Amino acid sequence: MDRPKRSQRLVATVDLHRSYFVGSEEVKALRGVNLVVRPGEFVAVVGRSGSGKTTLLNIVAGLDRPDSGQVLFQERDVAQMTESELTELRRHELGFVFQSFGLLPLLSAFENVELPLRISGVGAKERNQRAREALDMVGLWPRSRHRPYELSGGEQQRVAIARAIVNRPPLLLADEPTGELDSVNARAIFGLFKQMVKDQGISVLAATHDSTLLAMADQVKEMHDGSLIDHVVQKGRFRG
Ligand code: ADP
Ligand code: MG
């Protein structure tokens, strides 16, 4: 598939609203969120816990639906897609990385990365080649035979990223991908996103509450009580 041009929109959200009811009390998780991610762009959404970041990412991933508003993926309204179109979208156009790496403990790094290709019915030879490419990209081919427990947290997250991109999706979604990592590994993961965006032309939408990582993103938005605003860098905020 040809990648869309940079000037186009890969994903756009239009006035997303989402509330949760806890008993009779309404929690407004999203209050009219508009966001555009372009091809080959690294967008970071920063905001404190409870501000709505996960809700936004889950809706973009099609894991949750908004009460109102739209998600347009390459200008197609996700809400209008059939079940099989949604499956296609999740398998081939989106990769998802979570805070807790989510690797299968009994499988090696290689087998974890290869799994989405098996599910997509890709043949053995191509699986082998593509899993290797993805592990190479995150610098972990030499560790491909290791099980997750034999890898550091940073390495496990890199395997999870390799698994998320092995189907070559145009968009990688990452929800607090550095939440369980120390600052050195956290910087390495954001550095990897930056490099993947530059070298592979994929787009990354990553949520974080760590403002020290934001300098690596092309675009930074701040989620505040369910509203997305342009992030303003405060003096001294990147110290340390
Ligand atoms: P963040 O990822 O920025 O921490 P979330 O999107 O998880 O924020 O949550 C936004 C708000 O919605 C919070 O007030 C949270 O408590 C509430 N919320 C999220 N998920 C649920 C749920 N399943 N049921 C009730 N409230 C929820
Ligand atoms: Mg969250």
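This is a predicted model: local features need pLDDT of at least 70, side-chain atom pairs count only at pLDDT 80 or more; totals for chains, interfaces and linings use all residues.
**Ligand 1**

I began with the ligand and listed what sits around it. Ligand 1 is surrounded by Tyr20, Val22, Val27 and Ala29, then by Arg48, Ser49, Gly50, Ser51, Gly52, Lys53, Thr54 and Thr55.

Next I looked up polar atoms facing its oxygens. The side chain of lysine 53 has an N or O atom 2.8 Å from an oxygen atom of ligand 1. For threonine 54 I also noted a side-chain N or O atom, 2.8 Å from an oxygen atom of the ligand. Serine 51 comes in through its backbone: a polar atom there is 3.2 Å from an oxygen atom of ligand 1.

**α3 against α5**

Then I turned to the helices. How do α3 and α5 cross? I found that the axes of α3 (residues 109-119) and α5 (residues 153-165) come within 7 Å and cross at roughly 25°. Angles under 35 degrees count as roughly parallel, so I put α3 down as roughly parallel to α5. The crossing is right-handed.

From α3, I have Ala109, Asn112, Val113 and Pro116 meeting Val159, Ala162 and Arg163 of α5. Sorted by class, this contact has five nonpolar residues, one polar and one charged.

**α3 against α4**

I stayed on α3 and checked its other partner here, α4 (residues 124-137). The two pack at an angle of about 125°, with their axes 9 Å apart. I therefore call α3 and α4 oblique to each other. Their crossing is right-handed.

On the α3 side I listed Ala109, Phe110, Val113, Glu114, Leu117 and Arg118; on the α4 side, Arg127, Asn128, Arg130, Ala131, Arg132, Ala134 and Leu135. Which classes do the residues of the contact of α3 with α4 divide into? I get seven nonpolar, one polar and five charged.

Going back over both lists, I see Ala109 and Val113 of α3 in the contact with α5 and again in the one with α4.

**α5 against α6**

Last, I followed α5 to α6 (residues 183-200). Their axes are 10 Å apart and the packing angle is about 25°. I therefore noted α5 and α6 as roughly parallel to each other. α5 passes α6 in a right-handed crossing.

In α5, I found Gly154, Gln157, Arg158, Ile161 and Ile165 meeting Asn185, Ile189, Leu192, Phe193 and Met196 in α6. By class that makes six nonpolar, three polar and one charged.

Definitions and conventions. Residues are numbered from 1 along each chain as its sequence is written. Chains are lettered from A and ligands numbered from 1 in the order in which they are written. Side-chain values use heavy atoms; hydrogens and water are left out. Axes are lines fitted to C-alpha atoms, for helices over the stretch in contact, and angles run from 0 to 180 degrees between N-to-C directions. Helices (H or I, at least four residues) and strands (E, at least two) are DSSP runs, numbered from the N terminus. Angles under 35 degrees count as roughly parallel, over 145 as roughly antiparallel, 65 to 115 as roughly perpendicular and the rest as oblique. A crossing is left-handed if the near helix is turned anticlockwise from the far one by less than a right angle, and right-handed if clockwise. Contact means heavy atoms within 4.5 Å. Ala, Val, Leu, Ile, Met, Phe, Trp, Tyr, Cys and Pro count as nonpolar, Asp, Glu, Lys and Arg as charged, and the others, Gly among them, as polar. A residue is near a molecule or strand if one of its heavy atoms lies within 4 Å of it. A polar contact is a pair of N or O atoms within 3.5 Å; within protein, one must be able to donate a hydrogen and the other to accept it, and residues adjacent in sequence count only if both atoms are side-chain atoms.
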